[in-house]
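Here is a short report on some aromatic rings and their surroundings. Look at the structure first, then read on.

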Amino acid sequence: MKSSKYTKIAEKTYLHIKSVMPICCVDLLIRDEQENILMLLRGNEPAKNQWWFPGGRVFFEEKRHEAATRKLKEECNLSTPCIFELKTYDVILPLPENNLSHAITTVFSIKVKGVKPQINLDHLHENHAWKKDEEWAAHALHPFILGVLSGDESYSYP
């Protein structure tokens, strides 16, 4: 089944792969012209009900930069020519029933035009918000998100 030029794998196959090896992903640190940061409230595991960066899996034969551009459009209905790679992290998250999710994720810095531009969420997210760094710091954010926002190059998770 193809939804784009990249081949998607069957859900059952993908679930098996996720249970035995890390998944290559991208996360998007999106800022508007006034340095507000976009976060999405996740509606699915891992990190269900947590504020998180937009992002997701890199498809086979897709470059990470291309995946970042695709996820920006799919999850937020935004686009920009200003996408820069920041750093790659291992992110291991708990899942229900004592399972784990292991992603090797590259964080991209993205600057979009306007102030708090309107976005159209995909079906995987419950809500979104644009806030300044200090406003996000008031939330109980996951250590991975806090590490990226702090810009601490020595940060690693877990």
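## Aromatic pairs

The structure holds four aromatic pairs. Rings of Phe, Tyr and Trp (its six-membered ring) pair if their centres lie within 6.5 Å; planes under 30 degrees apart are stacked, over 60 edge-to-face, and the rest tilted. One of the pairs is Phe 53 with Phe 144, which is edge-to-face, at 6.3 Å centre to centre and 85° between the planes. This pair links distant parts of the chain, 91 residues apart. Phe 53 lies in the loop between E3 and strand E4 (55-57), and Phe 144 in helix H4 (residues 143-150).

Helices (H or I, at least four residues) and strands (E, at least two) are DSSP runs, numbered from the N terminus. This is a predicted model: local features need pLDDT of at least 70, side-chain atom pairs count only at pLDDT 80 or more, and totals for chains, interfaces and linings use all residues. Residues are numbered from 1 along each chain as its sequence is written, and side-chain values use heavy atoms, without hydrogens and water.

## Burial and cluster

Phe 53 counts as buried because its relative accessible area is 2% (buried is under 20%, exposed over 50%, partly exposed in between; 1.4 Å probe, protein chains only). Phe 144 is buried too, at 0%. Trp 52, Phe 53, Tyr 89 and Phe 144 form one aromatic cluster.

## Charges over rings

Arg 57 lies over the face of Tyr 14, 4.7 Å from the ring centre. Lys 131 has its charged end over the ring of Trp 136, 5.1 Å from the centre. Such a charge (NZ of Lys or CZ of Arg) is within 6 Å of the ring centre and within 35 degrees of the ring normal.
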